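This report describes a protein model, beginning with the whole chain and ending with single residues. Please keep the structure in view while reading.

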Amino acid sequence: MKSYAIFLWRCFRLSFAGSRLYKLWMLALSVIALFGLNAYCRQFVDGLGTTGMQDQVSWGLYIANFTFLVGMAAAAVMLVIPAYIYRRHDMHHVVIFGELLAVAAIIMCLLFITADLGRPDRFLNLLRRFNFPASVLTWDVIVLNGYLLLNLHICGYLIYKAYKKESPSKWFYVPFVFTAIVWAMSIHTVTAFLYQGLGSRPFWNSAVIAPRFLASAFAAGPAFIILTLQVIRRFAGYDVADSTLSSLRRIVTVALLINQFLLLSEVFTEFYTGGSHTASATYLFVGLHGYHGLVPWIWTAIALNTVALVILFLPIGHRLVWLDIACVMMIIGIWIEKGMGLIVPAFIPSPLGEIAEYHPTLNETLICFGIWAFGLLCYTIFVRITVPVLKGELTHDHDPLADRTIAA
């Protein structure tokens with residue numbers, strides 16, 4: 001217990017130490033997070049009237065970000081599967097960064113749900129009406145928190161064993177790794193089922209919602225990991241093989257291609273065969289009765305994803321500069337398509353035929369930026385602690401900060 005307490009104290013101290021660039025990055029994220037906290041306090045006092053949501057459109061920017069981040073959390077499995085099932089040794093030492101991303105993403109998911117509820121005490125309503133196994137919402141609560149605990153256990157155990165310079169016991173973490181593979185699929189599938197099961201929102205009553213969720217998650221998530229691994233390699237001096245980035249590039253290429261195909265299938269169904277939810281799709285893609293708030297957004301998303309796919313298929317996609325450009329484009333494109341492009345149109349028109357467009361307020365936007373900044377702050381701290389441990393610079397018998405103090 002004493003050794004573990006010393007480990008936590010050293011990790012805490014290490015999270016505040018770093019280069020000037022690291023400190024500026026942490027300062028910027030902290031300032032943005034505090035602005036978001038201030039905006040949330042204003043929402044807590046004045047209620048959800050500070051947001052752009054209304055009776056007709058009751059889900060907005062918070063749920064859009066939640067949906068996107070569930071996919072980011074599930075994408076960690078794209079590092080786990082090659083490393084543990086296909087025994088790719090070049091990916092074993094970077095798997096933990098994907099799992100740490102999953103932890104940070106789930107933390108942000110829970111924060112966005114908290115913001116959407118208006119007050120934290122409303123979480124008690126979930127517990128009072130915990131209807132297992134009939135309620136899909138109950139399943140969503142279970143799988144999200146279960147996935148968070150799984151990744152916390154795996155990451156915490158592996159990092160602590162590396163700190164102690166001991167070999168981890170496979171029976172104590174490998175079963176959890178394989179459980180997390182299945183669990184990662186379930187968190188996004190259950191979230192998709194939550195939307196598909198709402199009969200009053202026919203825009204979501206499509207069998208391709210769940211496959212599209214997984215395809216887009218396995219495109220945007222690994223794309224973010226590609227960018228992250230390059231930052232870690234450049235600024236932390238941690239060895240990341242080019243073959244790892246190449247494998248992830250192939251994954252995002254296939255996933256993005258599948259996502260675009262499923263989108264095309266959905267558009268064909270909407271506009272060729274028609275259906276009960278054609279009005280929502282019309283509003284999204286071309287506008288409805290003079291209302292076209294999301295039209296520029298969805299076509300921007302389609303353009304970004306299409307250009308990114310072309311880059312990935314061309315020979316220039318093998319160059320890191322163009323790969324990074326494609327990754328940034330697909331992350332933005334999928335966020336628009338999977339967030340605002342999926343959530344808001346389902347409420348337009350309302351079941352009574354009313355059309356009320358949703359426009360996020362400044363306060364609502366500040367809360368979203370604050371949650372994203374806090375999540376990136378957490379992920380940065382996780383990586384800052386993990387890299388020295390994996391490189392052998394921080395161990396139970398060696399504290400680099402103590403050496404620096406003595407040298408000073």
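How far apart are the mean positions of the positive and negative charges of the protein chain? The model is predicted, and in it the mean positions of the 27 positive and 21 negative charges lie 9 Å apart.

**Overall form**

The protein chain contains 16 helices and 0 strands. Its C-alpha trace spans about 70 × 55 × 45 Å along the principal axes.

Buried residues account for 51% of the 408 residues. The protein chain exposes about 18900 Å², of which carbon and sulfur atoms supply 70%. Among contacts between residues at least 6 apart in sequence, 77% join residues at least 24 apart.

**Confidence**

The average pLDDT of the protein chain is 86, and 96% of the residues score at least 70. Which helix has the lowest confidence, and which the highest? Confidence is lowest in helix α16 (residues 400–407), with a mean of 52, and highest in helix α2 (residues 20–46), at 94. Where pLDDT is low, the predicted coordinates should not be read in detail.

**Backbone features in the loops**

Most residues other than glycine have a negative phi, and most peptide bonds are trans.

The peptide bond from I348 to P349 is cis, with omega near -5°. P349 belongs to the loop between α14 (320–343) and α15 (362–390).

Two further residues, K165 and H289, are not glycines but have a positive phi. K165 is found between α8 (136–163) and α9 (170–196), while H289 is in the loop between α12 (278–285) and α13 (295–313). The table sets out their values.

| Residue | Phi | Relative accessible area |
|---|---|---|
| K165 | about 60° | 54% |
| H289 | about 55° | 66% |

Are K165 and H289 buried or exposed? A residue counts as exposed when its relative accessible area is over 50%. K165 is therefore exposed, because its relative accessible area is 54%. H289 is likewise exposed, because its relative accessible area is 66%.

Note on methods. Residues numbered from 1 in each chain as written. Predicted model: local features only at pLDDT ≥ 70, side-chain atom pairs only at ≥ 80, totals over all residues. Heavy atoms only, no water. Helix = DSSP H or I, 4+ residues; strand = E, 2+ residues; numbered from the N terminus. Buried < 20%, exposed > 50% of the residue type's maximum accessible area, 1.4 Å probe, protein only. Contact = heavy atoms within 4.5 Å. Areas by Shrake-Rupley, 256 points an atom, 1.4 Å probe, with all protein chains shown as cover. Lys, Arg positive; Asp, Glu negative; His and termini not counted. Charge placed at Lys NZ, Arg CZ, Asp CG, Glu CD. pLDDT = per-residue confidence, 0-100.
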